[in-house]
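I set out to record what I could look up in this structure, entry by entry.

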Amino acid sequence: MITEDDELRIDPRKLFPEAVKRVEILEDLKRSWVSVVGIENARYSCPCVLGVDCLTVEAVNDQARNKLVNMRGNILRGLSSLGYEVGENFTVKINEPESKKKLPAKKPVKKVKVIESEKKVRQYMSGAPDTLPEDINYALSHLRMYLEGRKTG
């Protein structure tokens, strides 16, 4: 559609009506998830993607995943009640949350021994402006000495 200002406006509702309908049904399913799977299961899971013939649900732990696998019928009835036509090949996938999957493995922390020197702290303190309070000057100078020690250590 071209407007009066010769701008092209794309209306996703007209171009992709089925996809928009699935998004709306998914939002309705999220709001009614407690009534579909129960309070306890809803606390540890959430529907996240509704495809043409697949619903992906994220479950926090194995116990929630196992319970949801047995609730496939309830989930399909919930989708049907929201106006989604479930076909024969429709599947329900239950995954762990994306945020949990993408956590990188912890790298071992390299311990660096920093030799603290009161002489260096005083040296850094001497270059500070007179308006800087003594305690803040000491803390900043000590931090600078520590960070430089880590860099060289």
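**Entry 1**

I began with Glu134 and found it exposed, because its relative accessible area is 53% and the exposed class starts over 50%. I note here that the model is a predicted one.

I then looked up the partner of Glu134: its side chain meets that of Arg122 in a salt bridge, at 4.0 Å from N to O. This pair links distant parts of the chain, since Glu134 belongs to helix α9 (residues 134-152) and Arg122 to helix α8 (residues 118-126), twelve residues apart. Arg122 has 43% relative accessibility and therefore counts as partly exposed. I also found that Glu118 joins Arg122 and Glu134 in a network of salt bridges.

I stayed with helix α9 and examined Arg144 and Glu148, which both lie in it, four residues apart, or about one turn of the helix. Their side chains form a salt bridge of 3.5 Å, N to O. Are the two residues buried, exposed or partly exposed? Arg144 is partly exposed, at 45% relative accessibility. Glu148 is partly exposed as well, with a relative accessible area of 27%.

**Entry 1: helices α4 and α5**

I counted the salt bridges next, and the structure holds seven. One of them is between the side chains of Lys67 and Glu40, at 2.7 Å from N to O. Here too the pair links distant parts of the chain: Lys67 sits in helix α5 (residues 62-69) and Glu40 in helix α4, 27 residues apart. I recorded Lys67 as partly exposed because its relative accessibility is 30%. Glu40 is also partly exposed, with a relative accessible area of 45%.

I moved on to Asn41, which is found in helix α4 (residues 39-43). Why does Asn41 count as buried? Its relative accessibility is 11%, and buried means under 20%. Leaving out residues up to four places away in sequence, I found that Asn41 touches Trp33, Lys67, Leu68 and Met71.

**Entry 2: Ala64**

I looked up Ala64, whose place is in helix α5. Ala64 counts as buried because its relative accessibility is 5%. How far apart are Ala64 and Glu40 in sequence and in space? They are 24 residues apart in sequence and 8.7 Å apart in space, from C-alpha to C-alpha. With residues up to four places away in sequence set aside, Ala64 touches Tyr44 and Ala59.

**Entry 3: the strands**

Which way do strand β1 (residues 45-50) and β2 run relative to each other, parallel or antiparallel? They run antiparallel and are joined by five bridges. A hairpin of three residues connects β1 to β2. In this pairing I found Leu50 opposite Leu55 in β2.

I then checked the pairing of β2 with strand β3 (residues 91-95): five bridges join them, and they run parallel. Val57 stands opposite Ile94 in β3.

How values were computed:
Residues numbered from 1 in each chain as written. Predicted model: local features only at pLDDT ≥ 70, side-chain atom pairs only at ≥ 80, totals over all residues. Heavy atoms only, no water. Helix = DSSP H or I, 4+ residues; strand = E, 2+ residues; numbered from the N terminus. Buried < 20%, exposed > 50% of the residue type's maximum accessible area, 1.4 Å probe, protein only. Contact = heavy atoms within 4.5 Å. Pairing = 2+ DSSP bridges.
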